[in-house]
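Okay, thanks for coming, everyone. Have a look at the sequence and the structure before I start talking.

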Amino acid sequence: MDSSTEPPDGAVEEAGELSQARRRAAFRGAARTLWRPGTDATLAERLAELTGTAGDSHDLSDGVDVYGDGVVAALEGRVAELLGTEAAAFFPTGTMAQQVALRCWAARTGNPVVALHPLAHPEVHERDALSVLSGLRTVHPTTERRQPTADEIRDLDEPFGTLMLELPLREAGFLLPTWDGLNDLVDAARARDAVVHLDGARLWECAPHFGRSLREVAALADSVYVSFYKSLNGIGGAALAGPASLVDEARAWRHRYGGQVFQQFPTALSALAGLDRELPRLPEYVAHARTVADALRTGLTRARVPWFRVHPEVPHTHQFQVWLPYDADTLTRAAVRQAEETGTALFRGWHPGAAPGLSVTEVTVAGPGTEWTPADVVRAVAGFVARVPVPASVPVPVPGPDGEAGPGPG
């Protein structure tokens, strides 16, 4: 979801003398990488890519869009068809789309309370917008770094109008419930007379984990938000999908929030191209992410790293976390040096983890990553670890992302 306070996937704050420009140049110049985000590109490259692909997804002799017609309306129809909803509305940012959705549901249910995880996007990356702009209040079924359970939803000690589920839950490791667990969560919310909204910024890659189609996943909820730059590598933008009456109301609030943009054809065209080019490949990315995760464990074990965690052990999507017992600046510098010196970018930015001396990074496996064999990953791990300064003594076991100590590698 777009937000001025949310770092891009895998990014960290600039650390010391390691400038953003140097980091960007290192990762952009790497010949081998698991993922090449659009932010690596120059303006000329991004425009050339859009020009080269847009014509395959939309008739470029069509007139430019004006306040949401033309190609923007075509994109909205495509999303509604993919998700099996009555309608969809394009938004310039996911932050706006989701705030509008939750505001509309609060008015319809008569209850301004939203049940969601404390690690969910509105709580972490939106500057308290739900309360500041819409007067909504949040409650948390759990504070643990996992998806909530149906029992926790049923046992909440106060009424709530909307249950918001982030699929996957990024901050906890891109975690998803099981298919049965997701159905139980929805049933528990319905039993509390609440509606269900899906924060599906990354919903596109969730279908393989559930073993269900996007339509089947979306059908469980009353509304769904999806992003076009996450997973699909679009320029930006989002959509809110659901019943036609809700979408019509959301359009009115979109205008009030300043989202009725005059022309948005570059963003809409890139979203359509992403749906055509990236969406069909996401199951392949998810499958290969599991291969990469397993090879990372092998490589870190062989490199005799004193403690590590690949989380989750089997990735739920094409993204997952890696945790190491070193400070973030040290690990980011090692990643940059590896990219500069070898042309291989295994990891990108690191940031502080759940305990002092523990750091985490996000790993994304996309098109370029499918070319990596397990042996390639193991070699890259060895090269990365060789650039991490050896501590004076072997660290003691440290808490992992779930708060429990890990007794050595793995």
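This is a predicted model: local features need pLDDT of at least 70, side-chain atom pairs count only at pLDDT 80 or more; totals for chains, interfaces and linings use all residues.

Let's start with the seven-stranded sheet. It is open, the strand order is β2-β8-β7-β6-β5-β3-β4, and the pairing is mixed. So which strands stand at the edges? Those are β2, residues 87-91, and β4, residues 137-139. Each of them has a single partner strand, so one side of each is left without a neighbour in the sheet. On average, neighbouring strands here are turned by 25° against each other, if you ignore direction.

Zoom in on the β2 end. β2 and strand β8, residues 238-242, run antiparallel and are joined by five bridges. If you want a landmark, find phenylalanine 90, which stands opposite alanine 239 in β8. Now look for helix α3, residues 71-83. It lies across β2, β7 and β8, and it runs at about 130° to β2. Alanine 73 sits in that helix, and with a relative accessible area of 35% it counts as partly exposed. Alanine 73 and phenylalanine 90 are 17 residues apart along the chain, and their C-alpha atoms are separated by 8.0 Å.

Now the other sheet I want to show you. This one has four strands, in the order β9-β10-β13-β12; it is also open, and the pairing is antiparallel. Its edge strands are β9 and β12, each pairing on one side only.

On to the cores. The largest nonpolar core has 55 residues, and those with the most contacts inside it are Leu75, Leu83, Leu203, Trp204 and Phe228. Take tryptophan 204 from that list. Leaving aside neighbours within four places in sequence, its contacts include Leu82, Leu83, Phe228, Lys230, Ser231 and Leu282. There's also a second, separate core of 37 residues, and Phe27, Ala289, Val322 and Leu331 are included in it.

Next, a helix pair. The axes of α2, residues 43-54, and α12, residues 265-277, come within 10 Å and cross at roughly 65°. That crossing is left-handed. On the α2 side you have Leu50, Thr53 and Ala54, which meet Pro266, Leu269, Ser270, Ala273 and Arg277 in α12.

Where are the cis peptide bonds I'd point you to? One joins leucine 167 and proline 168, with omega about -10°, and proline 168 is in the loop between β5 and α8. Another joins histidine 311 and proline 312, with omega about -5°; proline 312 is in the loop between β9 and β10.

Then there are a couple of positive phi values. Arginine 127 isn't a glycine, yet its phi is about 55°. It lies in the loop between α5 and α6, and at 66% relative accessible area arginine 127 is exposed. Serine 231 has phi near 75°, also positive in a residue other than glycine, and it lies in the loop between β7 and β8. Is serine 231 buried or exposed? Buried, with a relative accessible area of 15%. Serine 231 is also one of the contacts of tryptophan 204.

Last item, the cysteines. Cysteine 104 counts as buried at 1% relative accessibility, and cysteine 206 is buried at 0%. How many disulfides are there? With a cut-off of 2.5 Å between cysteine sulfur atoms, the count comes to zero.

That's my tour, thanks.

Technical notes
Residues are numbered from 1 along each chain as its sequence is written. Side-chain values use heavy atoms; hydrogens and water are left out. Buried means under 20% relative accessible area, exposed over 50%, partly exposed in between (1.4 Å probe, protein chains only). A nonpolar core is a set of buried Ala, Val, Leu, Ile, Met, Phe, Trp, Tyr and Cys residues joined through side-chain atoms within 4.5 Å. Contact means heavy atoms within 4.5 Å. Axes are lines fitted to C-alpha atoms, for helices over the stretch in contact, and angles run from 0 to 180 degrees between N-to-C directions. Helices (H or I, at least four residues) and strands (E, at least two) are DSSP runs, numbered from the N terminus. A crossing is left-handed if the near helix is turned anticlockwise from the far one by less than a right angle, and right-handed if clockwise. Two strands pair if DSSP finds at least two bridges between them.
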